[in-house]
Amino acid sequence: MPRVPGLIKGLGVTFGEMVKTLKPDSRGGGPVTVDYPHVKEDPAPRARGVIALHEENCTACMLCSRECPDWCIYIEAHKYLAPPRREGGKPRKKNALDRFDIDYSLCMYCGICVEVCPFDALFWSPEYEYSEPRIADLLHDKSRLGEWMTTVPDFEPYEAGSEQKVKKVPS
Amino acid sequence: MTHVLASIDLAYWQQTAIKLIVVTLLVPTTALIFGIVFLFKVMSWMQSRKGPQEAGPRGLLQLLADGAKFVQKEDLIPDKADRFVFKTAPIVVLLSTLLLYVILPASQHLVVEDLDVGIFFALAVSSVSVIGILMAGWSSANKYSLIGAIRAAGQLIAYELPMVLAVVGVVIQAGTLSLNGIVAAQAGGAIFGFSALGNPFILTQFIGFFIFMAAVQAELTQPPFDMPVAESELVGGYQVEYSGFRFLFFFLAEFATAFVFAGIAATLFLGGFWIPGVDIASNTYWVLGPIVLFTKIMIVAFIIFWVRFTYPRFREDQLQAFAWKWLIPLALFNILVTGVLKVVF
């Protein structure tokens, strides 16, 4: 018998939720879900959807590739001689990126590559609609990774008390 | 128009044919209505969702699509299953539902068979489904379905009793077992001499109504009484091995039974097809009766499904204790009080 008030309260909760869902949006009602294919939900801050590459910043240092626990980053590059900065100087040795592929069928979205990149070339993007009918098609090259750069949101400050490390998003 | 309907006189075989068609059409239709309105829409709203949106206007055709999906699926029968029993079980369950529709009056004449022992017949045929469920569980040759079937049998037997006892209170007050008679008793009743509203038995038999609703919930194996089909522990109980249209039969039976039990509850406690202000013998009930009854059924069903979507599952011992230690003594007490009051007044 002592459980009865709780039982009635429970019925009240579900009924209240129904009334709230049926109320029009303008009056603070509506469901918590969205009509997904038609309306997209706002991504959570720092959502880990896909890894985007800012190619100009990449020096092909291979750190991300070597730190990747799944070995899903493939980098190929060649060296070339760039003209010297000042007159009469030595030509500079530079790395040109030939290939930067991430195999998203292997990637486990740990984000270590984004963390270790010393030149701010890798970023998390909240984009998630890149499924493929064939698993081999999940290997994305640097042009595709570059496209996702446009979806990278501005850096949001971390919550109070967390590590202070600010990453610059190239505009 | 209502007079025209009342004056039509058909031969026995014509009446029987019409009744057969109506009942066979009613079972899937009512199951569809309940599935869409309650299982899809009301449940979604209570969980702060919108429910199906894509199939048809506001997703109202979703269940038809699901039904079509079930029909086109492969009809799987386990290797070690008792094939004949396995195939018959869903039919037996559905048969019990079909038989329940026989006695539900949608007006004094709009009833398939107005039996003198109507409510007794309903309670008797509703327990036929236990046999079907046991057959399904046993013949599947699967330990989960067997456990589910045994649980279902134990539960249905335990809750059959409070249901019968809850109905006894109504029967004592009405003085008849016929559902038409019970409706007439409510229409002709009076509350302390005030007879404009009649006397819906929910006012005097509120304990009976509560017990009946609890027992109906258990008969339908719906949450919080869904031990027999507990997905999280029995993967679906006696339905485990059923696929395709055989599963569809179980689904239809469940929701059509929910409809007809809501109808019986509405008839016993809310006055059935009768509405205050219109004389019970009036010809308008040829049209008005089904509408009024349907409205009342939807109200009762809302309570059934509201409870379903709110409470978590009972544990097996709690489930049995609730029936034997609470509902049955309460129902017996209710019968006693009703009997005494019947004699006194």
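**View 1. How much of chain A is buried.** In this predicted model, buried residues account for 13% of the 171 residues in chain A. To count as buried, a residue needs 20 or more other C-beta atoms within 10 Å of its own. Among the contacts between residues at least 6 apart in sequence, 69% link residues at least 24 apart.

**View 2. The overall outline of chain A.** Four helices and five strands make up the secondary structure of chain A. Along the principal axes, its C-alpha atoms fill a box of roughly 90 × 40 × 35 Å.

**View 3. The two domains of chain A.** The domain assignment places residues 1-32 in domain 1 and residues 50-151 in domain 2. How far apart do the C-alpha centres of these two domains lie? They are 50 Å apart.

**View 4. A three-stranded sheet in chain A.** Strands of a sheet pair through backbone hydrogen bonds, either parallel or antiparallel. Here, three strands of chain A form an open sheet in the order 2-3-5, with antiparallel pairing. Strand 2 (73-82) and strand 5 (139-140) are the edge strands, each pairing on one side only.

**View 5. Where strand 3 meets strand 5 in chain A.** Strand 3 (residues 92-103) and strand 5 run antiparallel and are joined by two bridges. Which residue of strand 5 is the bridge partner of A:Ile102? Look for A:His140.

Key
Residues numbered from 1 in each chain as written. Chains lettered and ligands numbered in written order. Predicted model: local features only at pLDDT ≥ 70, side-chain atom pairs only at ≥ 80, totals over all residues. Domains from an automatic or database assignment. Pairing = 2+ DSSP bridges. Buried ≥ 20, exposed ≤ 12 C-beta atoms within 10 Å, placed from the backbone. Contact = placed C-beta atoms within 7 Å.
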